[in-house]
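Hi,

Here is the structure I promised to pass on. My notes on what turned up follow below.

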Amino acid sequence: MPQKMGHKRHGSIDLLEVIGVVNEKGSTIHLPPSVHTPLTYDYVLVADHVEDLSSEVSRKQVAFINALKDKKLKIAKLFDNDKVFYGIKAPKEIFEKYRYLLKVSDACNWSYEQQGIVPLSTRIRIVNFILHHTCLYDTKGDTGEYLQDLIKKNVFEAEFCLHEKKEQKELRMSWARWSACFQGQPISNVRNYFGEKVALYYLWLGWYTFLLIPAALLGIIVFLYGLAFYQSSPLIKEVCESDTVMCPLCDKKCKVWSLNETCSYAKMNLLFDNEGTVAFAMFMAVWATVFLEFWKRHRASYVCEWKVFDWSEEEEELILEIVNDAECEPKQHRHSYLRSILVMVLVTLMLVLIIGLAHALVVFRVIAAVHLTESSWEYLSDHANIAALMMGAVLHYITITIMNRVNRLVATKLCDIERVRSHAGKQRSFTVKMFTFQFFTLFSSLIYTAFFLGRINGRPGKYVRIEQKWRLEECHPSGCLTDLFIQMAIIMILKQSINNVFEFTGPWFHRWLKRNKLPRQKRKCANCYVKENQEPQAGVELCDNCKLQDLQRNYRLNKVDCFSLFNEFLEMVIQFSFTTIFVAAFPLAPLLALLNNIIEIRLDAIKMVSLERRLVPQKTNNIGVWTDVLEAVGVLAVIANGLVIGISSDFIPRLVYKYYYGPCYNSTSTNCMEGYINNTLSIVQVNDPRVMHDFDPDQLRTHDGQNVTHCSYKDYRSSEDYSLTPQFWLILAVRLAFVILFEHVVVIFKFIAGWFVPSSSLQVKNTRLQDKLQRLKEELRGGDVFY
């Protein structure tokens, strides 16, 4: 039943259009456009032309094509030099069966398939399912080979569905071009062409990018706040004017140094470690909840408009199985405790390996710092620690790139061991495992830097060493948060910039290479060119030459697979993790994410529309397990930011000093932070027998040749027996109290935000009721039970 002309669009969609996330002007939001089925194929298989008809490859090709013909699929065979193109088209009866099964299913929706319209996206999805669930048995009938097995054995070279020239051109003009970076996305047209799964990805990405605007603006304000006051800060003045002699930061080569040498770094640290950071971290934790709750609301509006709100993934798969084979048996739910334990053990071992790589990076930085201090280049020797940190961050990025492939391989093998019943279940399982592996790969080193660096390295006379040889690295002299900021900045900038360059140039270069390698089919029929751009008419067909040219054009494009959209989701969710989890150390992270996403949306669109073969359209009504992953990241963001502010930053020590140990505690001094820097330092006598073995005589000589009798290091310890002072324990107690308070307050705000923003609007609920009532009335009239 067609949509009523007076149908009122959902307010959530209007809001998204007003703020520029979507642009539905000219889009067909309720029903898809007319289908160009007479001018194209539903699916295409490509194989090498084999002249020896008695060979095993030729035999399997013929057997598989005959198996498809047995399922009533129409196969057209077109030759092009050494390639054979099999154009596959399904008869109307298959789609009528699918439409009827939708109607009688438990999760029935009054979708356009049930209203007599089967768009090409649905045809492609059904034919793709049939192809991948057609089994070619051997002569004994014991083992079977599916299409993916035949492709691995080079029986077939490629499989793909065709781009529609008219719709492809429209998407290219309205969406997939760089000049549309600041325009809304035609989400409904994307859905009609690529299916609901791709459309919901771009809707999610567009909403995420829009909400990054307030986060980025507030991050800039926090940065500018630090920039405005760091020059006049008494803490900076105290560091820059200090003549305090600090203990060597490493063995042998490192000498004692003056605290005022870190003046510039102290200024940089204060840009990110200030009072505004606390408020910003709380804002970002609540922001993550608001983002997710409003996303659920916008998703509900769109899937309600698309009539897939109650769509069931399990029932869709059962319907497709019946369409493929009317005598099929249901795949039984199975569970094996042995397999579950095995998977759990293997996942644990993989995580241990990933964490071990993070430890290897720590060892690398320690050893690199030692060797850099021995460099003949004085500047590099003086800044060995910061150079080692930057080298470690670059090596971390290289490790991330390599482990991306390893993680995918391991996650795939673990899913094979699990033997999940359905394809959708396997995708969910793979997503969770892959994200877990990638998360630990990316964040293990950052977690060490944030919470362990400089806290387990010991003290003069009792330094912690690797193999009793190399001293563990200390925090940067300006503060522990500086190390985390530098590492995050390098990884985010490298990951986003390099990924975007390769993501665009790679497919473009491959397409260009294929174009030059493959001969082009010359057009020999001018009339077909005209017919291609006209509305299809019954019985209209292109000539073989024009069909072959269209097949060649699609074949030259880059290959896509089931991981194509998964890769985009994974990249963005990892970015979301960077943007929220350690945002207290890097308030400019939302700004970098915003700039990247403005490019990312168009980059992915151009890639999907112009550089890659058409993705198989998939029906869905949500982004699947990614919603649970995002909610888990939101919880981790609260915990991590609370720990970063409470443990990694100097916010709590400054607070304790200001109100308990500083000059304002017993007087009305105008500068409550006077003496704070010296208060954070402990003094060691270098001639003390307990510490003499840690320093060489050359290390205790300043750059101007003077010998020192004592040096300072950052800690709260007694100068007599080096025990921790009461101030240390007080600060530790306040740190823990702050973390608990911060997390409880933010969690309360998150719950309030989640409660305040319902997942579905009243309009969505009323529309669903109206649709269900209308459908039941139509069924009653059609059945003539009481009429």
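At 6% relative accessibility, Thr431 counts as buried (under 20% relative accessible area; exposed is over 50% and partly exposed in between, with a 1.4 Å probe and protein chains only). Thr431 sits in helix 16, residues 423-451 (helices are DSSP runs of H or I, at least four residues, numbered from the N terminus). Leaving aside residues up to four places away in sequence, Thr431 touches Phe566, Val625 and Trp626 (contact means heavy atoms within 4.5 Å).

Before going on, please note that this is a predicted model, where local features need pLDDT of at least 70 and side-chain atom pairs count only at pLDDT 80 or more, while totals for chains, interfaces and linings use all residues. Residues are numbered from 1 along each chain as its sequence is written, and side-chain values use heavy atoms, with hydrogens and water left out.

Now the cores (sets of buried Ala, Val, Leu, Ile, Met, Phe, Trp, Tyr and Cys residues joined through side-chain atoms within 4.5 Å). The largest nonpolar core has 124 residues, and Phe194, Trp204 and Phe582 touch the most other members. Helix 8 (residues 196-229) gives the most to this core, with 15 residues. A second, separate core of 34 residues includes Tyr86, Leu120, Ile124 and Cys161.

In helix 23 (residues 651-661), the buried residues are Phe651, Ile652, Pro653, Arg654, Val656 and Tyr657. Among the partners they pack against are helix 11 (275-305) and helix 25 (726-756).

Happy to talk it through!

Conventions
Helix = DSSP H or I, 4+ residues; strand = E, 2+ residues; numbered from the N terminus.
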